[in-house]
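Me: I would like to learn how to read a structure feature by feature, going from the general idea to the particular case. Could we work through one together?

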Amino acid sequence: MRGLLLKYGLPAALVLIGFALMMLLLGQRRPPEPVERETPGILVEVLEALPTDYRVRVQATGIVQPEREAVTAPQVGGRVVELGENFVPGGFVRAGELLLRIDPADYELALRRAEATVRRAEVQLATTIGKAEVARLEWEQFSAADENAALPSPLALYQPQLDEAEAELAAAKADLATARLNLERTALYAPFNARVRERQVAIGQFVPPGGQVARLTGTDTAEVVVPVPLRDLPWLSIPGPGRAETDKRTDLKSVPDHEGSPAMLTVTIDGRDYRHRGRVLRTLGEVESHGRMVQVVVGIDDPYGLSTPAAIELLPGLFAKIEIAGRQLRQIFILPRRALREGDTVWLADADLRLVVRPVTVARREREVVLIEQGLTPGELVVLTDLVGAAPGMRLRLNNQQNQGAQ
């Protein structure tokens with residue numbers, strides 16, 4: 001009996017004791033007090049909006065080309081007896097420098113013949129004048145003796161002979177001037193500061209009148225013709241009469257006729273950039289029908305560094321990037337392109353760090369920035385971070401480093 005009690009009674013007693021303890025613990029349990037958890041907000045990068053003056057930049061590309069290019073040819077023919085010291089392919093020549101000289105012997109002889117012809121014509125004219133004077137005196141004596149004498153004919157007074165002698169002298173002087181001019185033309189000079197691109201003549205070679213002997217390209221100025229979108233044209237200063245600034249967003253100073261927007265030309269060779277300063281000279285006066293582009297001509301002075309040392313020569317055919325500095329906007333907000341949202345809106349973080357969506361007026365879009373004219377107040381924080389499912393009133397949390405920089 002005692003064995004049965006130990007076998008069944010003890011486990012039952014332990015179960016009852018455990019159940020009693022469990023009920024006691026459950027009775028003493030208290031529910032946890034509810035704690036309100038604060039949502040920290042989405043971490044965003046912001047930029048403080050501050051107005052500033054900004055000069056518009058127009059980006060373009062083009063090919064360097066000479067501003068002047070000429071094919072030179074002598075106006076007289078003959079055998080080449082001398083070449084200029086710098087008249088070699090690739091050589092630099094100054095305006096008025098000798099390129100070549102043609103054998104002047106024939107032209108010197110022609111000049112002497114012309115001088116002799118002039119002297120003969122002068123003698124013939126003097127003789128005719130003397131004869132005409134004698135004839136006039138004879139007629140005056142005859143008319144004095146006979147009051148009814150008729151007027152003499154022009155032929156009797158040598159008038160036709162006198163006119164012919166004067167004409168012969170004028171023709172002889174013209175031939176003399178031509179002979180002198182042809183003698184001067186035996187020497188061919190550079191018409192402007194240039195580089196010899198091609199030379200097609202050698203000493204001893206016979207050159208016919210008008211025969212091409214060289215091709216010269218100017219060295220004072222190089223040009224780059226760059227296509228610019230039509231929408232960018234009003235932002236540039238292009239020389240020309242009657243062009244004045246009328247946009248109230250920019251300075252109101254008139255643009256001088258002789259002054260164009262400054263430009264910076266960049267040529268990249270072997271990963272290294274070489275820069276030259278230039279200026280807008282003109283447009284080609286036509287809008288492309290397909291791309292709605294305007295061809296703008298940018299001039300660069302001293303492209304070969306002849307007057308001022310340059311790091312590299314701007315050789316014709318080089319590909320170049322052009323940045324044209326346009327008109328200056330006053331008190332404009334400059335934001336990264338990513339700050340402008342769909343529908344020309346921006347996201348702002350208000351004083352309570354809540355998201356605000358606000359429409360703005362865009363003055364201009366550039367490659368990396370947008371220029372905001374209206375819609376922002378100085379000191380407001382513009383959200384730069386892209387947010388999925390962004391909605392007005394969304395809680396935000398500022399990036400500490402960006403927040404300190406904005407403040």
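Me: Which residue lies over the face of Trp347, and at what distance from the ring centre?

Reply: Please keep in mind that this is a predicted model. The general idea is to look for the charged end of a Lys or Arg placed above the plane of an aromatic ring, within 6 Å of the ring centre. Here Arg341 lies over the face of Trp347, at 4.0 Å from the ring centre. A further case is Arg199, whose charged end sits over the ring of Phe87, 5.8 Å from its centre.

Me: Which strands pair with strand 17, and in what sense?

Reply: Pairing is read from the bridges between two strands, of which at least two are needed. Strand 17 is joined to strand 18 (residues 355–359) by five bridges in the antiparallel sense, and Val346 has Arg358 as its bridge partner there. The hairpin of these two strands has five residues between them, and Leu353 takes a positive phi near 60°. Strand 21 (residues 381–383) also runs antiparallel to strand 17, with two bridges, and Ala349 stands opposite Leu381 in that strand.

Me: Which residues touch the most other members of the largest nonpolar core?

Reply: A core is traced by following side-chain contacts from one buried nonpolar residue to the next. The largest has 29 residues, and Val226, Leu265, Val298, Ile322 and Ile324 touch the most other members. Strand 3 (51–66), strand 12, strand 13 (262–269), strand 15 and strand 16 are the elements that give two or more residues to this core. Leaving out residues up to four places away in sequence, Ile322 touches residues including Val58, Val224, Val226, Leu265 and Val298. Another core, of 19 residues, lies apart from it and has Leu83, Val93, Tyr107 and Val201 among its members.

Me: How many aromatic pairs does the structure hold, and which parts does the pairing of Phe92 and Tyr304 tie together?

Reply: An aromatic pair is read from the distance between ring centres and the angle between planes, an angle over 60 degrees counting as edge-to-face. The structure holds one such pair. Phe92 and Tyr304 are edge-to-face, 5.4 Å centre to centre with 70° between the planes. Phe92 lies in strand 6 (residues 92–93) and Tyr304 in the loop between strand 15 and strand 16 (319–336), so the pair ties together parts that are 212 residues apart in sequence. Phe92 is partly exposed, with a relative accessible area of 27%, whereas Tyr304, at 8%, counts as buried.

Me: In what order do the four strands of the open sheet stand, and which of them are at the edges?

Reply: The order here is 4-11-9-6, with antiparallel pairing. Strand 4 and strand 6 stand at the edges, each with a single partner strand, so one side of each has no neighbour in the sheet. Strand 6 pairs with strand 9 (residues 194–199) over two bridges, and Phe92 stands opposite Arg195. Thr72, which is in strand 4 (residues 69–72), counts as buried at 8% relative accessibility. Its contacts beyond four places in sequence include Leu188, Pro191, Val213 and Leu216.

Methods: Residues are numbered from 1 along each chain as its sequence is written. This is a predicted model: local features need pLDDT of at least 70, side-chain atom pairs count only at pLDDT 80 or more; totals for chains, interfaces and linings use all residues. Side-chain values use heavy atoms; hydrogens and water are left out. Rings of Phe, Tyr and Trp (its six-membered ring) pair if their centres lie within 6.5 Å; planes under 30 degrees apart count as stacked, over 60 as edge-to-face and the rest as tilted. Buried means under 20% relative accessible area, exposed over 50%, partly exposed in between (1.4 Å probe, protein chains only). A charge sits over a ring if NZ of Lys or CZ of Arg is within 6 Å of the ring centre and within 35 degrees of the ring normal. A nonpolar core is a set of buried Ala, Val, Leu, Ile, Met, Phe, Trp, Tyr and Cys residues joined through side-chain atoms within 4.5 Å. Contact means heavy atoms within 4.5 Å.
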